[in-house]
Structure formats: C-alpha cells, structure tokens
Amino acid sequence: MRIRTLTLAAASGAALLAAGVLPASASGAVPKSAQEGSVSAADLLAKVTSCSQISSGKYKTDDETSATIPVCGKNGAVFWKADMDIDCDGQRTTNCNENRDPWYQNDTAFHQSDGKPLKAESLPYIVVPSSSSIWNYSSAGIKGGGVVAVIYNNKVEYAVVGDTGPTKIIGEASYATAKALGIDPDPATGGADSGVTYILFKNSKVSPIESHSAAVTLGDQLAKQFLANN
C-alpha cells in the first residue's frame, strides 16, 4: 500500500471514458450489462442513499484533496462512497510489479492460506484505512478476508478486504477489482475519480481468502440479508 501523491485528474477522466466503452466481459466472468450474484446494483444503492456516520472524522481520497468522505453504518454493514485508486501490491505478476507501479510493495496486510501475499492482478480485493482516531475497521466488525460489494457503473463486483492503507485516505482496490468493473486498472495512471460505492459486510470472512468464487457465493448471501435488514 502506498500514498498516492500525483494528481491524476486527466487520467481519471480517461478512466471514466474507458469505463463507458470497455465490455463488461473484460473481467472474464461478468456478462455484459450484468453483475456478479443475483442482487442488482440498483437495489444495493437504494439502501445507501443516506449516511449515518460512524467514523469520528472524514477521509481524503488522495493526498492533495480535502477530507470529505465519512464511513457510514447500516445494519450488518459499513459503507463509503469514494474514488478508486489502484492497488497492485502483493505477489509480483505481469502487470503488478515495481516496473509498472511506482508505489509497488511486495506484500499485503492479509495473506493467502499458504502464507503468501495476495495477487492484486487476479484477486478482487479492497484496501481499508489503517486503524486511527478517525476509524478502527476491526472494532467495526471488519476483518481481513471480509466480503465487500463494490459498485460502479451499475455493476456489482464482490471482493475481499485484502490490504490496509494510509490512516487518512480512503478509496482503493486491487487491479482485478478495477478491471472487473470496467475501470482502467493501470496502477500508475488508472482508477476512477468518483462514483464507487464500497459496502463491507460485518463479521464476514471468506475462506480461503484467495477464493474469488467463495467471495461471490458468500457475498450474494450477505447482500440478500443486507436488503432484508435495511
């Protein structure tokens, strides 16, 4: 995990344009105009239209922005609406390495069942802010390997909590998460500058953490519960 210090407004604009023209099948498993699981993006978003703030303060989306993003609470979940920076940390792969990512680190906060770091290029995961006086993810029932519904451009992608980041910045996910949602996954120039919703389901845990199919199965169940309880 790194702190992004570059201004990527132009790149973000290009990413938004790309999101409109890339086929949904870029993720490999997500059919066009659809999403993972049986719960629609619209139904999930309808439950997070207002925020009951549970964080003591608000987060920045990047180093140079002001702190405007709260962590919000719902029954069985927490959520925030932010941008998406690209995390390429973990195991070195073709697109995630120190040559492609100026902020690359060869580790993640949470590890696979074999003890190795996660693979950002192939595993959808998100980054949570490290615990601070603003908010403590662990105290809120959020765990490494917990299930997250990431929503963008009317698509739902299930991911896991896979890494931790700066204490004052929010809005980051792995290369694989971005690609599945039609967001430019380039770690240096990609991402989306807004419009991403992250719904983290409390006290959930995918086992093994590296099984995306397990995350989708559990995520779909928890999304249905979330709709019923909110």
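Hi everyone, let me start with contacts: in this protein chain, residues 24 or more positions apart account for 75% of the contacts with a separation of 6 or more. Please keep in mind that this is a predicted model.

Now the overall layout. The chain has four helices and seven strands. If you walk along from the N terminus, the elements come in the order α-α-β-β-β-β-β-β-α-β-α. Of the 230 residues in the chain, 55% are buried.

Let's go to helix H4, which covers residues 212-229. How far apart are its end C-alpha atoms? They are 25 Å apart, and that agrees with the 26 Å that its 18 residues should span at 1.5 Å a residue. Which residues of H4 are buried? They are Ala 215, Val 216, Gly 219, Asp 220, Leu 222, Ala 223 and Phe 226. You'll see an aspartate in that list, Asp 220. And what do these buried residues pack against? One partner is a helix, H2 (41-46), and the others are strands: E1 (72-74), E2 (77-87), E4 (147-152), E5 (155-165) and E7 (192-201).

The largest cavity has a volume of about 60 Å³. Ten residues line it, and the closest to its centre are Val 127, Ile 169, Ile 170, Gly 171 and Glu 172. By type, the lining divides into seven nonpolar residues, two polar and one charged. Which element gives the most to this lining? That would be strand E3, residues 125-129, with three residues.

In the chain, Ile 169 sits in the loop between E5 and strand E6 (172-174). So is Ile 169 buried or exposed? Its relative accessibility is 13%, and because the cut-off for buried is under 20%, Ile 169 counts as buried. Ile 169 also gives us a sequence-versus-space example: Lys 58 is 111 residues away from it in sequence, yet their C-alpha atoms are 9.0 Å apart.

Technical notes
Residues numbered from 1 in each chain as written. Predicted model: local features only at pLDDT ≥ 70, side-chain atom pairs only at ≥ 80, totals over all residues. Heavy atoms only, no water. 1 Å grid on protein atoms, 1.4 Å probe; cavity = no way out; pocket = protein on both sides within 12 Å on 5 of 7 lines; lining within 4 Å. Points joined across faces, edges and corners; volume = space filled by probe spheres on them. Helix = DSSP H or I, 4+ residues; strand = E, 2+ residues; numbered from the N terminus. Nonpolar A, V, L, I, M, F, W, Y, C, P; charged D, E, K, R; others polar. Expected span 1.5 Å × (residues − 1). Buried < 20%, exposed > 50% of the residue type's maximum accessible area, 1.4 Å probe, protein only. Contact = heavy atoms within 4.5 Å.
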